[in-house]
Amino acid sequence: MEMLVFLGVVVVVLVIAQISGVINSRKMEQNLKIRFKNNYGKLSGKKYDGSQMDHVSGYYDNHKDEDSLDDITWNDLEMDEIFKRVNYCNSAAGEEYLYYSLRNPKGDPQELQKLEEKIQYMTDDQEKRVDLQLVFSKIGNPSKYSIYEYLKFLDNLGNRSNAAHFVMLALLVFSIVEMFVVTEIGIVLFSFVVIFNIISYYKSKNETDPYLATFSYIIRIVSYADMFEALKGSPFDSEIDQLKEDARKMKPFLRGSSLLMSPTRNQATGNPTDMIMDYFRIITHLDLIKFNQMYAEVVKNYDVIDRMITNVGKIETALSICLFRASLNNGYCLPEFVEEKSFDMQEGYHPLIDDPVKNSFSSTKGLLLTGSNASGKSTFLKTCAINAILGQAINTCLATSYKSSSFRIYSSMALRDDLEGQDSYYIVEIKSLKRVLDAAACEGKPVLCFIDEVLRGTNTVERIAASTQILKHFSEMNVLCFAATHDIELNELLEHNYDIYHFAGEVTDNDVHFDYLLHKGPATTRNAIKLLDIIGYDKNITKDAEQLAQKFITTGAWT
């Protein structure tokens, strides 16, 4: 009787604990939903540690193609920071697909129209949007590394066989049966099998445990695939149907996975049930057997897993773009793509500037940009480039209107000496420009390129001569080039090849003020020597420098 009472109390405690867990889980979900609703239209607030951006490129690294932005362009434009601004994803699949999308601005009007339908669906239905954010938060991240890095890591395991485990399991069963036939022999055999299994268990466990993060993430994607059924009858139907089919193919991977993936496995929780299960695993190797079965399913279904990650990523990327748009206090527009080589941006602005000055520019020839130091030339070039990328990648431009060709996009801006490769700045620079020339020589979409301070790494005479010919060559190719320079001589040399614009600054006795507005025509003012004066250089230096510069402007010769 006492034993029955004790068992009854244990059952009641377990039931209460289970109910309490369910209540707490639902409460956490409700709190998350409230947070998602309240944060709509705000900055994402995501935090990034030093290594996080090193692994978000996993999907891109495995799917890059000829339309991808190269590393020079990505780094020139500080696209890691743009990614962070656009990223509202809660799952690794979403983050990695969003990164891939920004690295591959294809500018395909049909694909962008499909994407727009998905974004609008998310925008119009708050309840679905919030429910999806919850699903993606449950999928989460595998760890600090990309799932693709983990999948490659699995290759280190080679071929896995359960033959030895099954032999020892059979011997274990045989020894137990033998105890009822010849007790002494059965006990000896049982002891031998148990000791051998314990020793070999920990060796195998140490080999396999590092791979469990991969399995855990795949389990979450497969397990939550059914939750996307709520989107049926939406623009996401093709992704949902494929997810459903692929999740069905992965059912053998899920079956019995709790033997291996239990959160209390080998955790010394003190719970008697957990302790019994741990001893059972150690003696029978059932979790190791399941690991090998799951590993075989991953190897067999790599393409299925990749496709599931792709479709989950596509759905969350559309959601992230929706949330990004809602946070744009300065507005946005949808791009329009035309056949002829052209660029037209009205009131465009840079996404990382809180209170931006908007600028408009339209051209079919290209842009030659001059102006004072710190007047806004580089920021304007980046604004144009980033809007081109965002338009072609996520159908969103930070402007009142944007119309252009679909381009292959390159830049040559924030270059530096290559000490490892022993290349000087000038060598790095001409190699960077050569890659744009090579791309332009290949058939395909027109090239849109951005060059800041053309050939700054060499002497004035050769710089002006070479810059003129390179920029003229671009204007005669399938290229729309936007170039900034301090060499005002280029304005006259290239006036028939490029539209000439400038940024200006007003110089006072103690400061230089900029309006950051694009002005038509060449620059008419200089401020480099004045800036020396403002920050406290010796008056004799600045006075003599100004006189020397003025003589050169008047006579065309240095004296």
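**Close-up views of charged residues**

**View 1. A negative surface patch around D54.** D54 is exposed (over 50% relative accessible area; buried is under 20%, partly exposed in between; 1.4 Å probe, protein chains only), at a relative accessible area of 53%. This is a predicted model: local features need pLDDT of at least 70, side-chain atom pairs pLDDT 80 or more, while totals for chains, interfaces and linings use all residues. Numbering runs from 1 along each chain as its sequence is written, and side-chain values use heavy atoms, without hydrogens and water. D54 sits in the loop between α1 (2–38) and α2 (58–63); helices are DSSP runs of H or I, at least four residues, numbered from the N terminus.

**View 2. The R435–D70 salt bridge.** The closest N and O atoms are 2.6 Å apart (cut-off: a Lys or Arg side-chain nitrogen within 4 Å of an Asp or Glu carboxyl oxygen). R435 lies in helix α19 (residues 425–441) and D70 in the loop between α2 and α3 (71–76), so the pair ties together parts 365 residues apart in sequence. R435 is buried at 17%. D70 is partly exposed at 22%.

**View 3. The D71–R103 salt bridge.** Here the closest N and O atoms are 2.8 Å apart. D71 belongs to helix α3 and R103 to helix α5 (residues 92–103). R103 is buried, with a relative accessible area of 2%.

**View 4. The E207–K203 salt bridge.** Both residues lie in helix α10 (residues 183–208), four residues apart.

Conventions
Patches are made of residues with over 30% relative accessible area and no salt bridge: like charges are joined within 9 Å, nonpolar side chains (Val, Leu, Ile, Met, Phe, Trp, Tyr) within 5 Å. Accessible areas come from the Shrake-Rupley method with a 1.4 Å probe; for residues, only the protein chains shown count as cover. Lys and Arg count as positive and Asp and Glu as negative; His and the chain ends are not counted. The place of a charge is taken as NZ of Lys, CZ of Arg, CG of Asp or CD of Glu. Helices (H or I, at least four residues) and strands (E, at least two) are DSSP runs, numbered from the N terminus.
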